[in-house]
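Open the model in your viewer and keep the selection tool at hand.

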Amino acid sequence: MPPVKPMLAKPAAKIPPGMHYEAKWDGYRAIVFRDGDEVEIGSRSANPLTRYFPEVVEALRANVPRRCVLDGEIVVAREGRLDFDALQQRVHPADSRVRMLARTTPASFVAFDILALDDTALLEVPLGERREVLGAALRDAAPPVHLAPATTDHRVAQRWFEQFEGAGLDGVIAKRLTLPYRPDQRLMIKVKHERTADCVVAGVRYHKSGPVVGSLLLGLYDGTGRLQHVGVCGAFTMARRHQLMEELEPLRMDSAAGHPWASWQDEQAQASSRMPGGPSRWSGRKDLSWLPLRPERVCEVAYDHMQGDRFRHTAQFRRWRPDRRPEECTYAQLAEVVSYDLAEVLNG
């Protein structure tokens, strides 16, 4: 019975040998519960997702066993690759918009584990056996319900890691074949792409504990010479937060007047997803206000991949780059991923 939290993964730098491998999907982690016509979908944090994906609910009724619990990912694809921005838009409070988006940007469910089937709980069953049960359970499943491709060949996993990013996937997940299912424990291994970029530091967001650096607001210059907000970097120790605040104090501006992002303080900017601060349905009441800095310092950050023209996740600070001029920090430095058709991934 819901809620059940999914089993989690811890990061690693390389794909370990001798394991079971799957692609890492860039979507919403979902635990699916079906009992006859009743279907419930729980998120990674065990919150309900069911009402936001009515087309997935109908597809599950048509394609999965009448009594089962599945672990997988809800994804949205556009033009042959995953589109996380379109997936985010699916979580909307208005039922009419939910129904409209279900038609215009339909989602799919990719299953990669099974926790129960009929009257049998499978949490203690080794992964290798669970995978056989899952394959048999979804033998006749049709899109938009998919069985996640899997392999025990390390060379194949390495090829997936290199190719599947072009279809919008995140990396590779490795699991021991003897692994039981342990909700909310980090027993799997995730290997994600990491690249570096030189970015302009153009603002600071305070930490929740007080007036020290919570995150640095990052910018890159586009082809028109405008500094675009591309994300943030964070995860500093408390000592480093204080130190960074002292380092950046000389760049602090009394107001945003003259700052490249000054226009984002007006009402139109408050409604824009491009501003580096402000409330949204994702942040709730979290304070996202920011302090403008003169865009004169450059830092090197590590990131996994881009979602459109922004970093998909929080970047990681690596070092200051006093040898780089801010105007040299452009999108041209970013690695271009070779396109790969998502259908080739799902048909694997």
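Two strands count as paired if DSSP finds at least two bridges between them. This is a predicted model, and the tour starts at such a pair.

Select β14 (210-221) and β15 (227-234). The two strands are antiparallel and share 6 bridges. Tyr 221 sits opposite Leu 227 of β15. Between the strands of this hairpin are 5 residues; in the turn, Gly 225 has a positive phi of about 85°.

Gly 234 has Gln 316 in β19 as its bridge partner. Now colour β15 by accessibility: 8 of its 8 residues are buried.

Next, show the side chains of Leu 216, Leu 218, Cys 233, Val 301, Phe 311 and Trp 320. In the largest nonpolar core, of 36 residues, these touch the most other members. Another core, of 31 residues, lies apart from it; Ala 59, Leu 60, Phe 84 and Ala 111 are among its members.

Centre on Trp 320. Beyond its neighbours within four places in sequence, its contacts include Val 201, Leu 216, Arg 240, Leu 244 and Cys 299.

Finally, select Cys 233 and Cys 299. Cys 233 is buried at 0% relative accessibility, and Cys 299 is buried with a relative accessible area of 0%. The count for the model is 0 disulfides.

Definitions and conventions
Residues numbered from 1 in each chain as written. Predicted model: local features only at pLDDT ≥ 70, side-chain atom pairs only at ≥ 80, totals over all residues. Heavy atoms only, no water. Disulfide = S-S within 2.5 Å. Buried < 20%, exposed > 50% of the residue type's maximum accessible area, 1.4 Å probe, protein only. Core = buried A, V, L, I, M, F, W, Y, C linked by side-chain atoms within 4.5 Å. Helix = DSSP H or I, 4+ residues; strand = E, 2+ residues; numbered from the N terminus. Contact = heavy atoms within 4.5 Å.
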